[in-house]
Amino acid sequence: MSQVSTLIDVDKPLFDLSTFAGRFQYFAWMTDPRTVVLSSDRLLEAKTMVERYRKGEQSPQLKPEEVHYNMKLYNSAFHPDTGELQNFCGRMSFQVPGGMLITGGMLAFYRTVPAVVLWQFINQSFNAVVNYTNRNANSPTSVTQLGVAYVSATTSALVAAIGCKNYWSKKATPLFQRFVPFAAVAAANFVNIPLMRQNEIINGIEVKNGEGEVVGQSRVAAIKGIGEVVVSRIAMAAPGMLVLPLIMERLEKLPAYRRIKWINAPFQTLLVGCFLCFMVPTACALFPQQCSLDTSIMRTFEPELYEDLEKTTQGNVPKRVYFNKGL
């Protein structure tokens with residue numbers, strides 16, 4: 001076995017995921033937007049290399065940073081449960097550039113109803129892809145359920161956006177009207193994510209013991225995981241969509257800025273990108289990827305699944321079970 005393979009365990013995280021700081025470093029590493037332009041062939045090559053590393057076939061000529069880089073590409077582009085290559089929009093490396101373009105558009109073009117409809121439609125289409133590709137893949141969702149989730153989320157976003165716009169245009173100040181996009185995004189997240197992952201809530205998701213063995217299913221675990229994802233997604237969007245309107249309200253009053261009308265959308269998009277470079281890893285790091293649940297909660301709220309857990313473990317029910325919450 002090569003020296004590199006004895007030093008690097010590709011299944012062991014490079015960062016301490018039990019702490020917020022470690023998770024922030026991990027997601028900042030994994031969501032690096034510079035890797036978004038890499039071809040599928042290069043990503044598949046990284047997957048092949050990671051699989052070889054797992055078998056102890058690392059080349060002694062490879063430097064540790066080369067091994068780490070292939071790990072980074074693999075983690076950012078392939079689903080952790082299925083190992084499948086994510087579509088372009090669903091890759092973690094696309095979260096900053098994708099979110100930057102769409103959020104910038106929503107903030108820059110909020111004054112007319114057609115513009116609100118167009119950008120909310122684009123945003124929810126993007127969110128649907130992200131929610132589906134980053135789901136817990138052990139709970140498959142039918143095409144019909146995906147369609148219902150997509151239509152429901154898009155409708156809720158449009159209702160929130162248009163409703164808030166019509167109401168606030170009569171009751172609120174121009175500054176307050178700038179927060180319409182955030183209200184729509186927050187409302188849609190409460191609909192889009194639970195509906196896109198409804199099978200997890202209906203049937204439960206796999207839970208494991210401390211040794212990583214599957215010991216049962218839990219609906220409560222699914223609800224906890226999805227709830228944390230909703231909070232993370234709203235936190236991810238909040239600073240850019242709440243702070244940027246305050247900045248733009250001041251800037252647009254400056255004569256020098258008002259003379260350069262074309263700069264409005266590009267400038268807001270760039271600022272959103274700056275916020276997201278920090279907020280994407282921050283929001284993803286708020287909660288551990290591998291969540292835990294006290295089994296006493298299962299016993300209280302889902303006794304039938306707790307009984308299955310007792311049978312599977314032959315009465316040796318662990319105090320806590322663990323599961324992947326998705327992203």
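Helix 2 and helix 4 are roughly perpendicular to each other in this predicted model. Their packing angle is about 85°. That value falls in the 65 to 115 degree range, so the pair counts as roughly perpendicular. The axes of helix 2 (residues 20–30) and helix 4 (residues 64–77) run 9 Å apart.

Which residues make the contact between helix 2 and helix 4? Helix 2 contributes Tyr26, Trp29 and Met30. Helix 4 answers with His68, Met71, Lys72, Asn75 and Ser76. By class, the residues of this contact are four nonpolar, three polar and one charged.

Is Asn70 buried or exposed? Its relative accessibility is 3%. The cut-off for buried is under 20%, so Asn70 counts as buried. Leaving aside residues up to four places away in sequence, Asn70 touches Arg42, Ala46, Met49, Val50 and Tyr53.

Asn199 sits in helix 10 (residues 198–203). Asn199 counts as buried too, because its relative accessibility is 12%. In sequence, 57 residues separate Asn199 from Ser142. In space, the C-alpha atoms of Asn199 and Ser142 are 8.9 Å apart.

| Residue | Helix | Relative accessibility |
|---|---|---|
| Asn199 | helix 10 | 12% |

**The nonpolar cores**

The largest nonpolar core has 47 residues. Within this core, Phe27, Met241 and Cys284 touch the most other members. Several helices each supply at least two of the core's residues: helix 2, helix 3 (40–54), helix 4, helix 5 (95–108), helix 6 (113–133), helix 9 (180–196), helix 11 (219–251) and helix 13 (264–284). Helix 11 gives the largest share, 10 residues.

Phe27 has contacts beyond its own stretch of sequence. Not counting residues up to four places away, Phe27 touches Met92, Pro281, Cys284, Ala285, Gln289 and Leu327.

Another core lies apart from the largest one. This other core has 14 residues, among them Ala221, Cys291, Tyr306 and Leu309.

Technical notes. Residues are numbered from 1 along each chain as its sequence is written. This is a predicted model: local features need pLDDT of at least 70, side-chain atom pairs count only at pLDDT 80 or more; totals for chains, interfaces and linings use all residues. Side-chain values use heavy atoms; hydrogens and water are left out. Axes are lines fitted to C-alpha atoms, for helices over the stretch in contact, and angles run from 0 to 180 degrees between N-to-C directions. Helices (H or I, at least four residues) and strands (E, at least two) are DSSP runs, numbered from the N terminus. Angles under 35 degrees count as roughly parallel, over 145 as roughly antiparallel, 65 to 115 as roughly perpendicular and the rest as oblique. Contact means heavy atoms within 4.5 Å. Ala, Val, Leu, Ile, Met, Phe, Trp, Tyr, Cys and Pro count as nonpolar, Asp, Glu, Lys and Arg as charged, and the others, Gly among them, as polar. Buried means under 20% relative accessible area, exposed over 50%, partly exposed in between (1.4 Å probe, protein chains only). A nonpolar core is a set of buried Ala, Val, Leu, Ile, Met, Phe, Trp, Tyr and Cys residues joined through side-chain atoms within 4.5 Å.
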